[in-house]
Structure formats: C-alpha cells, structure tokens
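Please read this briefing alongside the sequence and the structure shown below. It takes up the sheet, the helices and the ligand surroundings in turn.

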Amino acid sequence: MESTQTVNIIFVGRTGSGKSSLCNKIAGRTLFREGHNLFSETEGVSSEVINWPSALQIKVKLIDCPGFGDNRPEMTNEVLFSRILTFIQSLKDGLNIVLFCTNSRSRFDAHDSLELEMLGLLLGEQLYDHVYIVLTQVNNLVVEERPRLITRFMYQLPSILESQGFPSIPEERILVSDFDNFDKFMTPLTREIQTQESFVPEIADGVDAKDPESIARFLQSPEMKKVMQKYEEIIEAKKNQIIKIEETLLNKTKEMEEQIQEYQMRNQQVQVELSKVNDLLKNQQYTNEQTKKELEASQQLYRQQINEFNKIIENAKITDAHTKRLIKAKEKQIQELIGKIDQINRVQSQPEIRYIERSGGCWPF
Ligand SMILES: Nc1nc2c(ncn2[C@@H]2O[C@H](COP(=O)(O)OP(=O)(O)OP(=O)(O)O)[C@@H](O)[C@H]2O)c(=O)[nH]1
Ligand SMILES: [Mg+2]
C-alpha cells in the first residue's frame, strides 16, 4: 500500500458497544462524542483523519457510525443503514477495514449476527474479507474472568459464525480492545492496516442508499425475510432451552419446599418429646440416678436433632431462595428473547411491502 493513501476504517456495531470511545482511544484525543448514559449517542456518520499512532507515515480515516439498535424512535434501522451506506458511497477509495464492535459483557448474539448479515447483504460478500470483530470494553470485566472470557470469545466465535452460515472469519480477524493493555490491540490492527487493500462495496442491487424507504423495502424483501426467519428460529431454540432449565429449577424449588416442610414437621415432633423430657426432669419425676441419666441423654439427643433439622431447613431455604432468583433471571431472559422476536416481527410486518427483484449475485440465498 502506498504511504500517501488514506486507510478507511469504519466502526459499526450495537449502540453503546464503544465505537466512538475506541475511535478516540486510537486517535489519542477526543474527536467523537461518547455517550455516558442510557441514550444512544452518535447520530450521524462522521470521520476524522489521523496519523496512525504507531506508524506515522500512514493516514487513517476513522469513520464513526450510529449504533445498531439505537433507542431513539426516529433512528430506525432504515435511517441508520441509509446514513451508513450513503457515507460509504461517498468514499472515493472505498473501504479498507470494517471494525464490527461487540461488547464483551454480552454475548455475540442473534442481534449481532443479524446486523452483520444485513451489512453483508447490503455491502456484498467482500465485506467478509475485510471485517474484523472487536471485543470491546474488556477492562470492564472482572480481572479474574478476563482470560477465560477472551479465550472463549476468540476460539468459539469463528465456529458460531460458521454454524450460522457466514463465510469463514479467521481467528486473526478477531481483536480484543483492552484499554488497560492497548498496545496488544493496536499491534495486530497496525499489521492489518499495512496489508489491507481497499474494496468498493457493491451496494445491494435495487437499493438507493440515500433513501431510507428503499432500505426499508430491502429489509422487507423475501431474501431478508429468510434471514430474519433464520434468526427467529435461533432465538426460539434458545428460548426453549431456557424454558427447560426453568422447569428443572422449578422442580428443585418444589423439592426444597417439601424438604423444608418435612423437617419442620420432624422438628415439631422432637420438640414435643423434648418438652416431655424437660417436664419429667423439672418435676424430678424419675425414680433413681439411672433414670435421670437416661432422661438427660434423651434431652441432649433431642436438642442435637433440633439443631440438625434447623440447619437442614436453613440450607434448604437458602437453596430455595437462590433457585427462585435463578428462575427470575431465566424469566427475564425469556422476556428479552420474546422482545427480540417482536422486534424482528415489527420489521417484517411493516405495511406496504414491495419486493425488490433479485438481480445481483450478492444474496446468499
Ligand atoms: N471501561 C470502559 N468503558 C468503555 C469502553 N469503551 C466504551 N466505554 C464506555 O461505554 C459507554 C458508551 O461508549 P460509546 O463510545 O459512546 O459507545 P458507542 O458505541 O459509540 O455508542 P452509540 O454512539 O450510541 O452507538 C461510555 O460510557 C464509554 O465510556 C472501554 O473499553 N472500557
Ligand atoms: Mg458513538
């Protein structure tokens, strides 16, 4: 690559994944607005040219985008994609690298896959030779958990993507952005920047990038519906899996509740025996030394039993409370998955569906 050429890097991914922050971190100064509350932040696509920090002869254009799943009502998928595609089309030299950011605190889920797939459909298969998946906000993870989660992400993501039918994305193109150890992130990216040729995305046939309505029609096309259906199935399978776990947990709470009841009953029985023995001892209703000893031994035994039963009841209560918390968490997960399916359905059920003719070779189906 010639040293005078500008390398174009676009940052995409979910809202809040840390795209603007990563751009600023790379630039070494605040060029893009970061969002520090629940509202999505970046609204338009904007870019800044910097000298690449570790190789000053290279100029890099950092292109920051609004995030997928933006929570402002007016920032629909259609508007978002339209802004991104229009910007990409305006680039003279095309794109070199697409950094798809995903937050390390959540999994690379069906949403991420869906959005990656939409990008692939809109920009063409070439995307997959130029896309890097970046695991962001790693320094937010608990220190002891980091190595395990990072390793899992690096090794499992390529197979997850492959199992969902994506072209293969090798491990080298999975990067970990760790603000505590930023050099580790920059080194592989610098290497890629030096070798990556640019590509001009072939915006899907029939799509007018400037027109959100045209994108909307694309999102409602039969091809896109197939993609959405695929993800709906993945989400449904996940939901069923969670429901099964929930059932097991419910059985466990039943078991624990039965155990609590049983030991409370046993406790009562022993309490009755104990009070009888206590009365006999108190009223000195024993005939000789031998009987007194026996009664005292029973008293001791009953007290021990009561202590033991109380411990069992206490443990069962703790397990029960823990299981109930897990059930609540599972219920929440199910609600989230239902929400995702609703979201997919909303895109599918928008009125006035006009199909786009299949004319190019960029659809995978
Ligand atoms: N600790 C830590 N926080 C981060 C990191 N990256 C981003 N954040 C925080 O995450 C929040 C969101 O970051 P942004 O950079 O605004 O996220 P974005 O992807 O640009 O979000 P949108 O513009 O809404 O699409 C901010 O509070 C950042 O400070 C990181 O690597 N580590
Ligand atoms: Mg942003």
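This is a predicted model: local features need pLDDT of at least 70, side-chain atom pairs count only at pLDDT 80 or more; totals for chains, interfaces and linings use all residues.

Residues are numbered from 1 along each chain as its sequence is written, and chains are lettered from A and ligands numbered from 1 in the order in which they are written. Helices (H or I, at least four residues) and strands (E, at least two) are DSSP runs, numbered from the N terminus.

**The sheet**

- Six strands make up an open sheet with mixed pairing, and their order is S2-S3-S1-S4-S5-S6; two strands count as paired if DSSP finds at least two bridges between them.
- At the edges lie strand S2 (46-51) and strand S6 (174-176), each of which pairs on one side only.
- On average, and with direction ignored, neighbouring strands of this sheet are turned by 25° against each other, where axes are lines fitted to C-alpha atoms, for helices over the stretch in contact, and angles run from 0 to 180 degrees between N-to-C directions.
- Helix H6 (residues 182-195) packs on the sheet, where it touches strand S1 (6-13), strand S3 (59-64), strand S4 (97-103) and S6, and its direction makes about 145° with that of S6; contact between two residues requires that their C-beta atoms, placed from the backbone, lie within 7 Å.

- S1 and S4 run parallel and are joined by five bridges, with Ile9 standing opposite Ile97 of S4.
- S4 and S5 also run parallel, joined by six bridges; Val98 stands opposite Val131 in S5, and Cys101 stands opposite Val134 in S5.
- Strand S5 (residues 131-136) pairs with S6 in the parallel sense over three bridges, and the bridge partners in S6 are Ile174 for Ile133 and Val176 for Leu135.
- In a regular strand the side chains alternate between the two faces of the sheet.
- Both faces of S4 are covered, with Ile97, Leu99, Cys101 and Asn103 buried on one side and Val98, Phe100 and Thr102 buried on the other; a residue is buried if 20 or more other C-beta atoms lie within 10 Å of its own, exposed if 12 or fewer, and partly exposed in between, with C-beta atoms placed from the backbone.
- Five of the six residues of S5 are buried, so S5 is largely enclosed by the rest of the structure.

- The 14 residues of helix H3 (residues 110-123) should span 20 Å at 1.5 Å a residue, which agrees with the 20 Å between its end C-alpha atoms; the expected span is 1.5 Å times one less than the number of residues.
- H3 is mostly covered, since twelve of its 14 residues are buried, among them Ala110, Asp112, Leu114 and Glu115, and just after H3 Gly124 takes a positive phi of about 95°.
- Helix H8 (residues 222-282) has 61 residues and reaches 87 Å from its first C-alpha to its last, close to the 90 Å expected.

**Around ligand 1**

- Of the 21 residues around ligand 1, those that come nearest are Gly18, Ser20, Ser21, Thr42 and Gly67; a residue counts as near if its C-beta atom, placed from the backbone, lies within 6 Å of the molecule or strand.
- Helix H1 (residues 19-27) supplies the largest share of this shell, three residues.
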